[in-house]
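Take a walk through this protein with the structure open beside you. We begin with the whole fold and then move to single residues.

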Amino acid sequence: MELYMDLLSQPCRSVFMFAKLNAIPFDFKMVDLAKGEQYGEEFGKISPVRKVPVMKDGDFILTESVAILQYLAEKHASRIPDHWYPADLRQRARVNEYLSWQQMNLRAHGSKVFLLKNMYPLVMGQPVPKDKMSSVVEELSQTVDVLEKYFLGENLFLCGASISLADLVAVAEIMQPVSSGVDVFSGRPKLSAWRERVKEEVGVALFDEANAAIMTSGGVAQSLREAGLPQIFKDKFKKTFS
């Protein structure tokens with residue numbers, strides 16, 4: 001099995017951690033997002049979606065991180081602990097509920113903060129307008145409140161007493177704005193305790209390995225400056241944030 005990924009991408013990190021945690025063998029195929037390799041001819045032959053991650057399992061190609069996680073959990077269900085993607089109808093429905101919610105909420109708002117913090121000055125040649133930045137941080141804060149109060153609640157993990165796919169996806173997403181200096185854990189001790197439990201379940205070494213690309217000294221912005229942004233990326237960014 002081949003996994004086409006770049007660990008700058010939060011969906012890639014969730015797939016990477018799940019495969020590693022459950023000893024699912026794979027070949028890591030690097031797709032350098034900062035260099036625009038997702039727009040290249042070779043990657044286009046694998047996936048016209050031009051986003052990572054992409055899984056190639058024999059002649060079967062699958063895009064979308066949630067679909068990949070569900071596929072891997074179901075394919076290896078006989079040997080993977082049930083808590084990841086429970087067989088029980090209602091427990092699985094809770095995991096699916098979070099996976100459905102997060103795409104347009106935590107992912108959308110966390111990504112917007114990350115992109116504005118790291119990309120806006122590079123592409124636009126000026127600091128992010130304060131009102132724009134304040135607005136997206138507030139949207140993220142409101143979303144994190146829902147994550148903490150509804151999905152986590154009084155549970156140890158998002159969907160109950162055990163870690164699941166939902167927790168891996170959530171922690172990958174929430175670390176994205178954190179790496180940009182927006183600490184959504186500040187003033188949220190319950191959520192902070194959840195992160196530490198997830199980190200313990202994942203293992204500190206694997207958690208740090210997965211997040212090294214966004215948390216290393218100098219940060220993402222420096223890496224992007226050194227790589228140089230392809231014009232197609234700049235054009236898409238301007239269209240979204242102008």
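**A guided tour of the fold**

Of the 242 residues of the protein, 49% count as buried. Keep in mind that this is a predicted model. Twelve helices and four strands make up its secondary structure. The radius of gyration is 18 Å, close to the 18 Å that the globule rule gives for 242 residues, so the protein is as compact as a globular protein of that length. Along the principal axes, the C-alpha atoms fill a box of roughly 50 × 45 × 30 Å.

How does the chain meet itself? Take the contacts between residues at least 6 apart in sequence. Of these, 70% join residues at least 24 apart. Two pairs give a sense of scale. Pro25 and Phe241 are 216 residues apart along the chain, and their C-alpha atoms are separated by 39 Å. Gly36 and Pro189 are 153 residues apart, with 38 Å between their C-alpha atoms.

The accessible surface comes to about 11700 Å². Carbon and sulfur atoms account for 51% of that surface. As for charge, the protein carries 29 positive and 30 negative side chains. The centres of the two sets lie 5 Å apart.

Side chains of opposite charge can pair when their charged atoms come close. How many salt bridges does the structure hold? There are eleven. One of them joins Arg188 and Asp145, at 2.8 Å from N to O. Arg188 lies in the loop between α8 (165-178) and α9 (189-202), while Asp145 is in helix α7 (residues 130-152), so the pair ties together parts that are 43 residues apart in sequence. Is Arg188 buried or exposed? With a relative accessibility of 11%, Arg188 counts as buried, because the cut-off for that is under 20%. Asp145 is partly exposed, at 25% relative accessible area.

Arg188 has another partner. Glu148 forms a salt bridge with Arg188, and their closest N and O atoms are 3.8 Å apart. This pair also links distant parts of the chain, with Glu148 in helix α7 and Arg188 in the loop between α8 and α9, 40 residues apart. Both Glu148 and Arg188 are buried.

A further salt bridge involves other residues. Asp208 pairs with Lys199, and the closest N and O atoms are 3.9 Å apart. Asp208 is partly exposed, at 38% relative accessibility. Lys199 is also partly exposed, with a relative accessible area of 21%. Back at Arg188, shared partners join Asp145, Glu148 and Arg188 into one network of salt bridges.

Next, turn to the loops. Start between α1 (10-21) and β2 (27-30), where Pro25 is found. Pro25 is exposed, with a relative accessible area of 63%. Ala23 lies in the loop between α1 and β2 too. What is the phi of Ala23? Its value is positive, about 55 degrees, although Ala23 is not a glycine. Ala23 is exposed, at 56% relative accessible area.

Move on to the loop between β2 and α2 (41-46), the place of Gly36. Here the picture is one of cover: Gly36 counts as buried, at 11% relative accessibility.

The loop between α2 and β3 comes next, and Arg50 lies in it. Arg50 has a positive phi near 60 degrees, in a residue other than glycine. Its relative accessibility of 29% makes Arg50 partly exposed. Pro53 belongs to the loop between α2 and β3 (54-57) as well. Which kind of peptide bond joins Val52 and Pro53? The bond is cis, with omega about 5 degrees.

What does Ser65 touch, leaving aside residues up to four places away in sequence? Its contacts are Pro11, Val15 and Pro53. Ser65 counts as buried, at 13% relative accessibility.

Terms used: Residues numbered from 1 in each chain as written. Predicted model: local features only at pLDDT ≥ 70, side-chain atom pairs only at ≥ 80, totals over all residues. Heavy atoms only, no water. Helix = DSSP H or I, 4+ residues; strand = E, 2+ residues; numbered from the N terminus. Rg over C-alpha atoms; globule rule 2.2 N^0.38 Å. Buried < 20%, exposed > 50% of the residue type's maximum accessible area, 1.4 Å probe, protein only. Contact = heavy atoms within 4.5 Å. Areas by Shrake-Rupley, 256 points an atom, 1.4 Å probe, with all protein chains shown as cover. Lys, Arg positive; Asp, Glu negative; His and termini not counted. Charge placed at Lys NZ, Arg CZ, Asp CG, Glu CD. Salt bridge = Lys/Arg side-chain N within 4 Å of Asp/Glu carboxyl O.
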